[in-house]
Amino acid sequence: MSGPTNARERFELWLNDPAMDAATRSELLSISERPGEIEDRFYCDLEFGTGGIRGIVGAGTNRMNAYTVARVTQGLARFLLKSGTPPLSAVIAYDSRNQSPEFALETASVLAGNGIKAYVFDSLRPTPELSYAVRHLNADAGVVITASHNPPEYNGYKVYGQDGGQLVPDQADQVIEEIRGVRSFSDIHRCSRLDAEESGLLEWIGQELDRAYIQEVSSVSLHSELIRSACRDFRIVYTPLHGAGNRLVRAALSAVGFEQVQVVPEQEHPDANFSTVKSPNPEEKEAFALAIRKAEAAEADIIIGTDPDCDRMGAVVKHANGDYCVLTGNQTGAIMIHYLLSNLKERGQLPRNGVIVKSIVTSELGTAIAGAYGIKVVNTLTGFKYIGEKMTQYERSGTDRFLFGYEESYGFLAGTYARDKDAVVASMLICEAAAYYKLQGKTLHDVLQELYERHGYFLEKLESRTLKGKDGVEQIRRIMTDWRSAPPQRLNGLRVDKIEDFAQGLYGLPAENVLKYTLEDDSWFCLRPSGTEPKLKVYFAVRGQTDALAAASVDRLAHAVMKQID
């Protein structure tokens with residue numbers, strides 16, 4: 001199954017495997033005379049990226065399907081049996097995507113077939129609750145079936161370690177090696193659902209764990225008493241964008257005292273096709289169109305939205321002119337850092353050894369805010385697994401105290417109950433901050449402007465180029481090679497002062513295919529192939545004396561760089 005390197009050979013191996021089901025064999029036969037389709041489906045195996053394995057649902061080694069899931073799970077089982085001490089267990093969660101429940105049950109069946117107990121949520125749940133559940137149940141691993149905010153044709157499979165964090169590269173490499181050893185479908189051991197349940201190797205988990213999780217989330221609150229007493233009329237509009245967040249986000253908001261929460265009805269219920277949005281991504285304003293319309297009618301104070309697996313949160317706040325504007329992940333993170341640190345300082349609870357962790361492509365505004373409070377900021381590679389890894393290191397060493405972690409891509413975590421970004425706690429925290437500042441006569445937009453005036457007008461921009469298929473992979477590789485071998489000396493009329501090639505394993509970080517260029521005015525840009533999508537991502541950041549100057553500067557920088565890339 002994994003031995004041949006030729007796409008046609010891989011295709012024939014699948015087609016002729018006696019373990020193949022009739023529906024999949026029929027799908028394969030339908031493409032037997034389409035060499036381009038065979039090449040795209042079989043030229044490689046799905047590989048672990050920043051978010052695990054992710055791909056289009058369909059037959060093939062380069063697709064998400066029951067066989068891909070079973071093979072990966074068999075590799076994971078072998079890894080756990082070699083590295084762990086029996087009895088072993090894993091927790092499994094899934095979101096609202098096509099075949100997510102089926103893939104979750106397939107995962108449980110293979111784990112059980114290898115003698116590993118599977119705790120499976122009885123319905124869809126937020127990804128961060130899976131991270132919490134691994135820790136809460138003292139499990140050896142976790143799996144969540146999700147493709148985050150990818151288009152509806154995608155699904156994926158993320159693996160978590162014993163600490164509740166996504167696998168970091170050295171662990172993932174070991175799992176991948178075990179997966180490669182699964183040579184045929186007959187190498188996969190399964191147990192039926194009934195046999196697994198009767199033997200105790202499959203246990204369903206539900207609302208009891210939900211309650212424990214919400215208790216942990218709500219413990220992060222700084223002002224629940226204030227909300228209950230003075231913010232009864234604070235109005236929130238929420239959209240789960242057809243995903244897994246609806247019930248738990250509302251439970252968290254209720255737990256800290258918010259009573260006026262309206263959910264966008266058209267997007268309230270799970271929908272694998274995300275039928276009301278072009279993309280179920282809270283990074284994009286278009287995803288909030290229905291929510292903004294509802295907020296305008298309700299005169300809501302804030303809008304929040306979560307992606308399908310509820311690990312990313314976007315916030316929409318009122319501008320000074322009364323319009324609703326979408327905050328970027330960098331802006332939201334900066335506001336939450338300011339809210340947390342200022343309140344901790346006011347209470348005399350700001351720890352000297354406190355740490356904030358962010359990714360290398362995240363704005364330096366948060367760094368400036370933290371520095372004003374004497375709080376250290378640590379940078380990691382992109383991917384919340386690296387933030388989770390730092391948290392576990394701090395927990396074990398006791399030298400530093402984790403306060404907050406975030407990425408520009410709308411991932412946030414406060415509290416140490418989980419090791420992944422959590423849109424449930426982020427939704428609660430940003431609403432609490434908005435209510436707190438409303439009592440002072442301010443909107444979150446007002447607070448952001450104050451932060452800019454105090455620390456400088458930091459502005460960021462992201463450009464992406466989607467390059468699909470085998471040719472796209474090669475095109476992205478060539479672009480990175482060209483920029484690495486012949487870097488620019490000047491850009492945007494400015495000297496390039498610093499080049500950081502993270503493939504060299506800089507600053508003690510794992511090697512990763514990322515290039516970062518800093519110009520003489522401290523503006524910077526970064527080239528990074530996505531680990532979960534067929535994209536080249538290019539990040540830009542500037543700092544200006546005014547909003548207008550910063551906007552003009554970041555546009556000029558982006559134009560100069562993308563002109564060379566294109």
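Colleague: Why is histidine 445 called buried?

Modeller: In this predicted model, histidine 445 has a relative accessibility of 11%. Buried means under 20%, so histidine 445 counts as buried.

Colleague: Where does histidine 445 lie, and which residues is it in contact with?

Modeller: Histidine 445 belongs to helix H17, residues 444-455. Neighbours within four places in sequence aside, its contacts are Val317, Lys318, His319, Ala320 and Cys325.

Colleague: What makes a set of residues a nonpolar core?

Modeller: The members are buried residues of the nonpolar kinds listed for a core, joined through side-chain atoms within 4.5 Å. The largest such core here has 117 residues, of which Ile302, Ile304, Ile356, Phe404, Ile430, Trp483 and Phe525 touch the most other members. Helix H16, residues 423-438, gives the most to this core, namely 13 residues. Another core lies apart from it, with 33 residues, including Phe79 and Ile179.

Colleague: Which residues is isoleucine 356 in contact with?

Modeller: Beyond its neighbours within four places in sequence, isoleucine 356 is in contact with several residues, among them Ile337, Leu341, Phe404 and Tyr406.

Colleague: How do helix H4 and helix H7 cross?

Modeller: The axes of H4 (residues 66-83) and H7 (residues 169-180) come within 8 Å and cross at roughly 115°. The crossing of H4 past H7 is right-handed. Among the residues making the contact are Val72 and Phe79 of H4, and Val175 and Ile179 of H7. By class, this contact has five nonpolar, three polar and five charged residues.

Definitions and conventions: Residues numbered from 1 in each chain as written. Predicted model: local features only at pLDDT ≥ 70, side-chain atom pairs only at ≥ 80, totals over all residues. Heavy atoms only, no water. Axes fitted to C-alpha atoms, helices over the stretch in contact; angles between N-to-C directions. Helix = DSSP H or I, 4+ residues; strand = E, 2+ residues; numbered from the N terminus. Left-handed = near helix turned anticlockwise from the far one by under 90°. Contact = heavy atoms within 4.5 Å. Nonpolar A, V, L, I, M, F, W, Y, C, P; charged D, E, K, R; others polar. Buried < 20%, exposed > 50% of the residue type's maximum accessible area, 1.4 Å probe, protein only.
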